[in-house]
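Subject: Structure for your review

Hello,

I am passing on the structure we discussed, with notes on what turned up in it. Please look it over when you have time.

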Amino acid sequence: MIREKKGIHLSLLLVPAVGLLLTAIVSFKTYQSEHSKVQTVFNEASAYRFKQIEDAIQSSVWTVESFSSFYASSSSVEQSEFNIFAQGYFRRQPQIFEFRWLRRVPESKRQEYETAGRALGLPDLKIKEIDKAGNFTPAPQKQEYFVVDFISTSPNSKYDYKRIFGLDISSIPERWQAMERARDTEEPAIAVETEHYEGLDIPSASRIFAPIYINGLPHNTLEERRENLTGFVVLLFRLDELVGISLKGIPAAGVDIAFYDSAPAGERLLYFYPSPMRRNPVAAEALSPKEAKKSSFYWSNTLQVADRKWTMIFSPCPEFLIKNRSILPWVTFGTGLFLTLLLMFYLRNIIERGKQVELLVKRRTEELDRANQEWLETFNAISDFVFILDKDSVIIKVNKSLLDVLKTGERDIVGRKCFEVMHKKDSPWLSCPHQQTLKDNKAHTEEVSDPGLGLPLLVSTSPVFDERGELVGSVHIAKDISAIKKTENDLIKTKGELEIEAWGLAKANEGIKALYGELEQKNQELKKIDQLKSDFVSIVSHELRTPLAIMKEGVSLVLDKVTGEITPKTGTTLEMVYNNINRLAKLINDLLDISKIEAGKLQLKRTLTDMNRLVRDTAEKWLISAKKKDQEISIITGDERLNLYIDQDKLIQVLNNLLSNAIKFTPEKGRITVQVRGDKDEAEVSVSDNGAGIPGEDLPRVFGKFQQFDRTAGGGAKGTGLGLAICKELVELHEGSIKVESIFGSGTKFSFTLPKKDSETVFKEHIVEGIKEVADRNSNLALISMRILDFGRLQKALGPDMTHSLLQEIEKVINESLRRKADTVVRDTGELIVILFDTTKDQAQFVLGRIDAVIRNFLINSRDEAVKITAFNYGISSYPNEAKNELELLDKARGVIHV
Amino acid sequence: MLKKILLIEDSIASADFISKALESEGYEISVAKNGADGFQKAIGNGFDLVIIDIVLPDINGLEVCREIKSKLAKNSPKVIALTGIVDAIDAVAARRAGADDFCVKTKDMLSLIEAVKKHI
């Protein structure tokens, strides 16, 4: 493992090393190849240029030679002839500047020459010499002179040649050497001047001297040549011009050319031609042959120019190198580097991957080991008895539970047949699930209760297949189901118990139903009887009232002596009769009331009522009666309005009853106090006296029917015994409660409370009752909602009492205008609802029209300005077409839209 | 042949009423006034059905039921336990005692008659 890791690291180092090496080699090779390509280009360019220049130089040499021939063929050459001859060359070879004829003048003939010259129009002709500054001096005496005799110049030349006629050229060492060589060898010789003479600023002025000998005289030996020399034809050309012309039309390639004369003393630079491609040709310097040899990049060749050997060295200028620079080596290098890096990266990835895989394998192996271990542990932890059987029922593997229950070791079981071990038989058990699995390759489950096993078992076998799908055996799991069996039995038992209990309940239920049916029947009968009783009371009361009224009228007439005088005794008797008739009448009224209430026929007609005022008004009516008994009645109410929705008539009845009782049962000069108190939830009214009081044991029966107690009545008729019962019923109809407190001998206090209902609830109750009523007979109901606009303003203007009165007035006006069954409710927020029974919406529209007219009329007639301008909002809704319940009815009539 | 019913009921009024009602339905009725008498009659006379009032002067009606059922085992007649007071606990007890049905006494005895019709 470790060695492998090292190998990996080594390769990680080796690969980039080899990569870099290869990259270096390949890039170098590329460089070389590119370099040689460039060199080839350079060499070709150089060779081509060499040839062009060589041709031009060679033509110049030939030109001079042709002059020699020209001279050789004529005895003497006149200037005009010379000129004509020369002019042809100027045209063809523009590098040529001039041709000269140098005459050899021996010392002996100097005088003659100078005189002849003067005669030719050159008065000051003298043989002269020239220094480097271009100053002429008369030539010192010499054996011979070589003077410029005539000159033919190119049309390009601007030089004043006349000055130099008579100039002894041989005085200039370079020229003289060439002249000597030409004379002695009989061949043209060249002199290239790097120094300037004659005031000519010509770089690389090159002169080819061709010797001309005297016609007809021999010039075979050196002496003869020296002796018979007559002069030289000189051709002047400019090397720069020549090179320029030669290379004209060839695109610049960046080749510098250096011309060297291979002089015996050493190389001498004749001319340096910097490539026009150079950015700064002036600064360029020529490459010496030595330097050239050192540098690998040059090309040179040698050229025979007249008698001299010139070496031309071609070297590339920096611009050439730049131009021909190849990026290929760099590209190669870069690519190599990139590939190496890529390879490294890839390799690293592979290594990483390898590591990961290695780790994964390790982890998987561990997992597998663990899984195997876990499997074994699990296998052994299974509380069921598991073994794995092969096709011949031989036990292959067995778990710990089974070994434990058999109290044996694995060695004693594994390898033996299961039926031998388990059932102690020599053939498989009859319905052995393993055998079934062997037959059909399917899982089987059997309950096995072999007494030999001692336990009831649930045995499942599942087939085990090899990878080819062949059955090789089965997994055999036996579960101890003794606990389950027990639970099962318990369950069966419990189930039975439960069934019995359910049966019992069902039967009890049936029984209750039967009894309830019976009860219901009885109840119906009772109701019927009750109804009969109510009907009876009502009929009887009505039937009794008429004769009583007649009797009362009759007795009154007699008592008032309308029928004639009566005796006092008769009077007293009749008084008694009269009182008892009254009592009977009251009794009948009370009976009627109570029967109505008990029959549920009494419906409250709630209106918004000021409780304080109601109590005050009612109590005040009793002041006279009280005065008769010298009793005092104190009425204690609040100043504020105590608005309640109550049935005024019914509550007045209650109050009257309590007050009459109080007056009746309070002795003379007694005190009676009527008090009203209210809070936000309820109102309480109490009537108390300081009369006889009621004995404690009688208190519970005070509100019972036909109850009378031994109270000392202050004379007058006896009560009916129904009054308080009626009071109780009426208060309870208002959802209130009534109670009595009394201390026997010192006084009694009756008090009742009424819950305050908010107007909305009252509205709803009214509507609900209305709906109930019409729903019973499948009829319609319409609801009109009227709301006083700007009610706050009206209330402010009128004050609460006046507003209340106005509302009640309006209600009254409406009620008077209605000709059908209706219920009106007004609320102290300025809203009024009219419930129209058995009325459709269309009919309600008519009713509303009438109500509107009546109200307008009523309001206009008011003296109060605030009332006059009162306006209403109306809305109608109908049951059951538009709304199904009280809320919908109200919302609809009020125009509330629920989204 | 008329189906035979034994009624074990101590209240004479009830017994009369029930007897008449069942006779009018076409059953032959015998009446026993107490538990001991009822048991004796029940085991000897091959009744198809025995109606037992739970409350008897001598033995608990359910006890009689249990005795009959255990004595006659498979040949036992059907038994209806009769009660004046409905109680689920009694119903369960009746079932445990082997009663086949449990009926409440009503004035019309309709539920009893229905039960009888159901069982025989």
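This is a predicted model: local features need pLDDT of at least 70, side-chain atom pairs count only at pLDDT 80 or more; totals for chains, interfaces and linings use all residues.

Aromatic pairs

Over all chains, the count of aromatic pairs comes to 28. In one of them, Phe67(A) and Phe82(A), the ring centres are 5.0 Å apart and the planes meet at 50°, so the pair is tilted. This pair joins distant parts of the chain, since Phe67(A) belongs to helix α1 (residues 2–72) of chain A and Phe82(A) to helix α2 (residues 79–92) of chain A, 15 residues apart. Both Phe67(A) and Phe82(A) are buried. Another pair, Phe90(A) with Phe99(A), has a centre distance of 5.5 Å and a plane angle of 45°, so this pair is tilted as well. Phe90(A) and Phe99(A) are both buried.

Charges over rings

Arg95(B) sits over the face of Trp503(A), 4.3 Å from the ring centre. Within chain B, Lys4(B) lies over the face of Phe47(B), with 5.4 Å to the ring centre.

Largest pocket

The largest pocket has a volume of about 900 Å³. It is lined by 31 residues, and those closest to its centre are Trp101(A), Arg103(A), Tyr113(A), Asp149(A) and Phe150(A). Two or more lining residues come from each of β1 (96–106), α3 (110–119), β4 (144–153), β6 (205–213) and β7 (229–238) of chain A. The largest share, five residues, is from β1(A). By residue class, the pocket lining has 17 nonpolar, seven polar and seven charged residues.

Cavities

There are three cavities of 30 Å³ or more. The largest cavity holds about 160 Å³ of space. Of its 15 lining residues, Phe387(A), Met422(A), His423(A), Val459(A) and His476(A) are the closest to the centre. The elements that supply two or more lining residues are β12 (385–390), α12 (418–423), β15 (457–465) and β16 (471–480) of chain A, and α12(A) gives the largest share, three residues. The lining of the largest cavity divides into 13 nonpolar, two polar and no charged residues.

A buried threonine

Thr461(A) is part of strand β15 of chain A. Its relative accessibility is 0%, so Thr461(A) counts as buried. The side chain of Thr461(A) reaches the backbone oxygen of Pro433(A) at 3.1 Å.

Backbone details

Most residues other than glycine have a negative phi, and most peptide bonds are trans. The following are exceptions. The peptide bond from Tyr879(A) to Pro880(A) is cis, with omega near 0°, and Pro880(A) lies in the loop between β27 (872–879) and α25 (886–894) of chain A. Asp790(A) has a positive phi, near 55°, and is located in the loop between β24 (781–788) and α21 (791–798) of chain A. Phi of Asp838(A) is also positive, near 50°. Asp838(A) is in the loop between β26 (831–837) and α23 (841–860) of chain A; with a relative accessible area of 32%, Asp838(A) is partly exposed.

Regards

Methods: Residues are numbered from 1 along each chain as its sequence is written. Chains are lettered from A and ligands numbered from 1 in the order in which they are written. Side-chain values use heavy atoms; hydrogens and water are left out. Rings of Phe, Tyr and Trp (its six-membered ring) pair if their centres lie within 6.5 Å; planes under 30 degrees apart count as stacked, over 60 as edge-to-face and the rest as tilted. Helices (H or I, at least four residues) and strands (E, at least two) are DSSP runs, numbered from the N terminus. Buried means under 20% relative accessible area, exposed over 50%, partly exposed in between (1.4 Å probe, protein chains only). A charge sits over a ring if NZ of Lys or CZ of Arg is within 6 Å of the ring centre and within 35 degrees of the ring normal. On a 1 Å grid over the protein atoms alone, a cavity is a set of points where a 1.4 Å probe fits but cannot get out, and a pocket is an open set with protein on both sides within 12 Å along at least five of seven lines; lining residues have an atom within 4 Å of a point. Grid points are joined across faces, edges and corners, and a volume is the space filled by probe spheres set on the points. Ala, Val, Leu, Ile, Met, Phe, Trp, Tyr, Cys and Pro count as nonpolar, Asp, Glu, Lys and Arg as charged, and the others, Gly among them, as polar. A polar contact is a pair of N or O atoms within 3.5 Å; within protein, one must be able to donate a hydrogen and the other to accept it, and residues adjacent in sequence count only if both atoms are side-chain atoms.
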